Amino acid sequence: MFTGTYLFANIPVRISSIYEEVQLMCADYRIELEPEVEVATTLEEIAEEDKLSDEQRKLEGLPPCKFPNSYLETLTVYRKIAEAFLEHDVLLMHGSVVAVDGEAYMFTALSGTGKSTHVRLWRKLFGERAVMVNDDKPLVEIGGDRAIAYGTPWDGKHHLSNNIAVPLKAIVVLRRGLENEIHPLTTQDAFPTLLQQSFRTEDPMVTMHTMQLLGKLSKQVSLYELHCNMDPEAAMVAYKGMNND
C-alpha cells in the first residue's frame, strides 16, 4: 500500500493506493497537511474501471484496449476525488484550459474534436502570455463569487498542466468548421454539452447537484460556441470574440 497527501483545488486529499503510479503522478501536488478527503481503492473497483473504460472507448468508436491496473487505478482515484469534491462545490470537467494574461478559457467538446490542437494555436499565438492550466480534466471551483479553474495531474496524453489556480473567464463549446466564427451561447443552449462534459454518476442526487453547480457556473462565466478550422487565425478569432470590449 502506498500513501500520500496532495492538494487539489485547495482541498487536501490523502490517497491510499495499491500501486505507486498514482502517487508518482501526483508528486507536484504533495503537501504535509491533515486531509479533508480520504481516498482508497480496491482491486474490485479497478476491475470496474476497466469495464467503464471499455464502454467509453466503444462510445467513441475506438477499439478495445487493455490498460494496466496501475493506470486504471489512477482513473479510479480521480473518480472518487471528483465525487467527494462535489460536496465542496468543486466540479471535474472534461476540457482543455489555457490562461492568457491571468484569465482562463476552457474549450470543451467530444473527444477527437480538436480541443488540444486549438489550444496549441493559442500557445503559439500568445507565447509566454499563455499558460496551460490543464489539457484534459481540470477541476472548477464554483462555490465562490467567481469560478476558479485548477490544474491537476490528470492532464491528457500530452501531460500539459500546471499546479495553478486561475479565474475562469469563459467556456467555449468547440465545433469543427470550414470557417472561423464565434458567437455567444445561452445557458439553455450550452447546458446539454456542459452536463455531458461534467463528472456525474448514476445517483440522481449527485446529478441534481451537478446540474445546480452548472447553473451557477453559467452565471459566473461567459459561454460561447466556436466553429473553427486548424488555421492559426482560429485562435485570434476566438480570443477577439471573447474580448471585444
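In the predicted model, the domain assignment divides the protein chain into domain 1, spanning 2-88, and domain 2, spanning 91-242. Taken over C-alpha atoms, the centres of domain 1 and domain 2 lie 22 Å apart.

The contact between the two parts involves 19 residues of domain 1 and 20 residues of domain 2. Together, domain 1 and domain 2 bury about 1,700 Å² between them, and carbon and sulfur atoms account for 71% of this area. On the side of domain 1, the contribution of three residues stands out: Tyr29, Tyr78 and Leu86 provide 46% of the area that domain 1 buries against domain 2.

Polar interactions across the boundary were counted separately. Zero salt bridges are found between domain 1 and domain 2. Six residue pairs are in polar contact between domain 1 and domain 2, with both residues of each pair at pLDDT 80 or more.

In terms of secondary structure, two or more residues on the side of domain 1 that touches domain 2 are given by each of α1 (21-25) and α3 (69-85). The largest share of this side comes from α3, which gives nine residues. Classified by residue type, the side of domain 1 that touches domain 2 comprises 13 nonpolar, two polar and four charged residues.

Methods:
Residues are numbered from 1 along each chain as its sequence is written. This is a predicted model: local features need pLDDT of at least 70, side-chain atom pairs count only at pLDDT 80 or more; totals for chains, interfaces and linings use all residues. Side-chain values use heavy atoms; hydrogens and water are left out. Domain bounds come from an automatic or database domain assignment. Contact means heavy atoms within 4.5 Å. Buried area is the accessible area (1.4 Å probe) that two parts lose on being put together, summed over both. A salt bridge is a side-chain nitrogen of Lys or Arg within 4 Å of a carboxyl oxygen of Asp or Glu. A polar contact is a pair of N or O atoms within 3.5 Å; within protein, one must be able to donate a hydrogen and the other to accept it, and residues adjacent in sequence count only if both atoms are side-chain atoms. Helices (H or I, at least four residues) and strands (E, at least two) are DSSP runs, numbered from the N terminus. Ala, Val, Leu, Ile, Met, Phe, Trp, Tyr, Cys and Pro count as nonpolar, Asp, Glu, Lys and Arg as charged, and the others, Gly among them, as polar.
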